[in-house]
Amino acid sequence: MALNQSGWRPTTPESGSNAPATFTGNKALMLEEALIFEIGSTDTTGVDFSASPAKTGAQSGDVATGPRPSPGNKLGDLFRAKPIGLPGLSEPETVRHYTRLSRQNYAIDLGLFPLGSCTMKHNPRLNEKMARLPGFADVHPLQPVDTVQGALGVIHQLAEWLVTLTGMHSVAMSPKAGAHGELCGILAIKAALEKRGEGHRKVVLVPESAHGTNPATAAFAGFAVEDIPATPDGRVDTEALVARLGPDVAGVMITNPNTCGLFERDLKAISEAVHAAGGYVYCDGANFNAIVGRVRPGDLGIDAMHINLHKTFSTPHGGGGPGSGPVVFSERLTPFAPLPFVERSDSGFHLVEEETAGEHHADSFGRMTAFHGQMGMFTRALTYILSHGADGLRQVAEDAVLNANYVLRSLEDVLDAPFAKSGPCMHEAIFSDEGFPEGFTTIDVAKALIDEGFHPMTMYFPLVVHGAMLVEPTETESRAALDQFIGALRSVAERAKAGDATLKTAPHFAPRSRLDETLAARKPKLVWREPVVASEAAE
Amino acid sequence: MSRYFTEDHEWIRIDGQTGTVGISDYAQGQLGDIVFVDVPEQGKGLSKGDEAAVVESVKAASDVYSPVSGAVIEGNAALADEPALVNSDPEGEGWFFKLTLSDPSELDSLMDETAYEAFVAKL
C-alpha cells in the first residue's frame, strides 16, 4: 500500500477556548482592515504612467507636481501646486481592501433583512441577466431613437404594466427614486393648481401615519405642512382630516398601506372629500408591494402615486443599485406630467420631448431628469413583472402580507404589538418596547440581533409607537428563514424583559462592539489626517 | 424671581424685565444626550411661539420656541462647546438665551412649576 508519510494527522480540538490574541488582530476569516489612507503610501502608485513630457511641457520624471507653466499647460493657474496625498495602491491591494471591507457588511444575499418599509427582498438573478444584454446595457441616452427601439419598447411596456396595475391614467418614468417621485407628483399638483388660478392653496395635509419624506417633499415644493393625527388603532383620523379641508388646502399626502403596516380603509372617502374641497390626493406608494394585484390605487381616487421599482418590483437598492420611482397620474393630472416619455405609433417608438411635445403637452411642468430615467432598473422591473405574470404579482402581495402576519402572531405574546388588535397587518409587523424593564429599550434588542447574525429592523419609526420595531420580512423569505428570525427575536426579547445586562453591551461578536454615538455626534471625525511623526514634530 | 413653563417644555425665569429661557429636565430626559445647540443671536426679535433655538440629540433635532415676545440679549455661548450642559443642568447652566420681555402679560398664559409638574405627570 502507498503510505502517506507527510506527518499529517487530523487535529482534535483541545477542550476549552483560550483563544490567544493574534499578531495581526485578525480572527481567522474575520479580518481587521485599516483605512485605505493607512494602507497605501503616497510614495507608491499602482499605475505606471508614461512621463509624456512632449505634450505637457513637463521636465523629465516629474509628472505629479507643478507648477510648471508652459505653452502646453492648458490649466494655467489651476495647475496642482503640491501632491494631494492620495494613497497609491496596486490593483490587487485595492481589490483586497474593498473585498475585506465587504466581508464586514450585511446584505440581502447573506440573510433576512427585516428593515421595515424598505422592502429588502431578493433580487432575482434573471433580472440581472436581462439588464446585462448589450442592447440594454450598452446604449446611450443620446443615441438616435431608431437605434434603440428595443430599449424604448421596454420603457413603454413597463409603463403600460404600471398604469394597468395601478388603474391610473399615465406614468412618468423619469423620477430616480421614491422621494424624487414624491416631488414629481407634488410639482404636478402645484402646476395643476396654478393652471386653475388657485396657486394660493398653500397647505398640504400629512397624516402622522405617513412616511417621513412626505412632509419634507411638500415643504421643499413650497407648501406649508400640517399634521393630521392618527387614531389609536394606527390609521389616519379621517374626521380630523376632513374637518381641516378648505380653500387653502392644496391636497393631502397619504401613505397606503401606512407606516403602521395598516391599510387606510377610509382612503376612498378621504379622496372624495379632498376632491370636493378642490384638492388633490398624493399617495406614497412605497408600500405598493403589499397590495399589488389586489388593489388599484386609481379606484381609491388617487391623483398621483410613486412606485418604488426598487421595492415592489425587486430591483436592487441599499447600495446595490440606484432607486427608481416612476409616478402614476390620474386623468386630471396627466397634462402636467413631466417630459420626456415614450409614445408608440405605427412607425415605432418615439420620445416625446420639448421639441416634439406640441400642444398636447404644453402644460407639462418640465423635467425631473436630463434623460429618461433608470434604464437598468426598467429592464430588471419588466423582467420581474413578466416572469411573475399577473397571478404571480398578486401572490407577491399575498405572501408579503402572510409572512408579516406570521411574524406578528408568532411574537405578540412576548413583544407588545400595539396594533395587533386592529386586525391583520399588511406587509410589516410593528412592535413596541412596552413592558421592558427600566433601562432597556429597542436599541438593545437591535444590537443583540446583530449578534444573532441579522440586520436589525427599523427602529423608533413610526414616531407614534414608543420604541417602535418595524419588521418587514417580505415575500421572498421561506418559512424556515422566518422561523429562525422569529426564534432569534424571541430569544432577545425574553432577555430584554428579564433585564439581561449583557444586552446593554451588545453586539459582542461584531467587528466593533457598542459604539459611543453621543461622542461620535459631539466630536465627529470627518477627515482623515496623516499622523504627525514624532521626529518631524520635534523639529 | 419666578419661573414659568410652556406645554412645549420650555421654561422661562423672570428677573425684572429680563427672562432666561431653557428646556425642562423632563425635555432633556426625553431627548437623551444633547449633541448640538443653536442659540439665537443678540438683538434678534422674537414673538411668542417663534422658533428661537434648535436642540439636537443623538435621537432627533427639535425646535425650541420662545415662551414670550421680546428681544434677545444673549445666547448661551457655553453650549457651543459643551452641549452636555443641557443634560447635566437643564434648568441652570444649560440655559439657552436671555431676552427682554416686550409684553409681560404673556406670562399669564404659561404654567407655574406646580401646574407643569402636573402636566408632565399626565404625559
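This is a predicted model: local features need pLDDT of at least 70, side-chain atom pairs count only at pLDDT 80 or more; totals for chains, interfaces and linings use all residues.
**Entry: where the chains meet.** I began with the interface, and found that four residues of chain A are in contact with four residues of chain B. Sorting the chain A side by class, I noted one nonpolar, one polar and two charged residues.

Entry: I then looked up helix α6 of chain A, residues 149-166, whose 18 residues reach 26 Å from the first C-alpha to the last, close to the 26 Å expected at 1.5 Å a residue. I listed its buried residues, among them A151(A), L152(A), V154(A), I155(A), H156(A) and L158(A), and I wrote down that T166(A), in the last position of a helix spanning residues 149-166, is buried as well. Just after α6(A), I found G167(A) with a positive phi of about 65 degrees.

For helix α3 of chain A, residues 91-102, I read twelve residues and a reach of 16 Å between the first and last C-alpha atoms, close to the 16 Å expected at 1.5 Å a residue.

**Entry: the parallel pair.** I followed strand β2 of chain A, residues 203-207, to strand β3 of chain A, residues 224-228, and found the two running parallel and joined by five bridges. Between β2(A) and β3(A) the chain passes through helix α8 of chain A, residues 213-220, in a β-α-β crossover that I recorded as right-handed. As one particular pairing, I noted I228(A) in β3(A) as the bridge partner of P207(A).

**Entry: record annotations.** From UniProt, in an unreviewed entry, I took "domain: Aminotransferase class V" at residues 199-318 of chain A; in the model this span is 21% helix and 21% strand, with its end C-alpha atoms 37 Å apart. For chain B, UniProt lists "domain: Lipoyl-binding" at residues 18-100, also from an unreviewed entry. Over residues 18-100 of chain B I read 18% helix and 42% strand, with the end C-alpha atoms 5 Å apart.

Notes. Residues are numbered from 1 along each chain as its sequence is written. Chains are lettered from A and ligands numbered from 1 in the order in which they are written. Two residues are in contact if their C-beta atoms, placed from the backbone, lie within 7 Å. Ala, Val, Leu, Ile, Met, Phe, Trp, Tyr, Cys and Pro count as nonpolar, Asp, Glu, Lys and Arg as charged, and the others, Gly among them, as polar. Helices (H or I, at least four residues) and strands (E, at least two) are DSSP runs, numbered from the N terminus. The expected span of a helix is 1.5 Å times one less than its number of residues. A residue is buried if 20 or more other C-beta atoms lie within 10 Å of its own, exposed if 12 or fewer, and partly exposed in between; C-beta atoms are placed from the backbone. UniProt positions are given in the numbering used here, feature names are shortened, and annotations may be inferred rather than shown by experiment. Two strands pair if DSSP finds at least two bridges between them. A crossover is right-handed if, with the strands pointing away from the viewer, the path from the first strand over the helix to the second runs clockwise.
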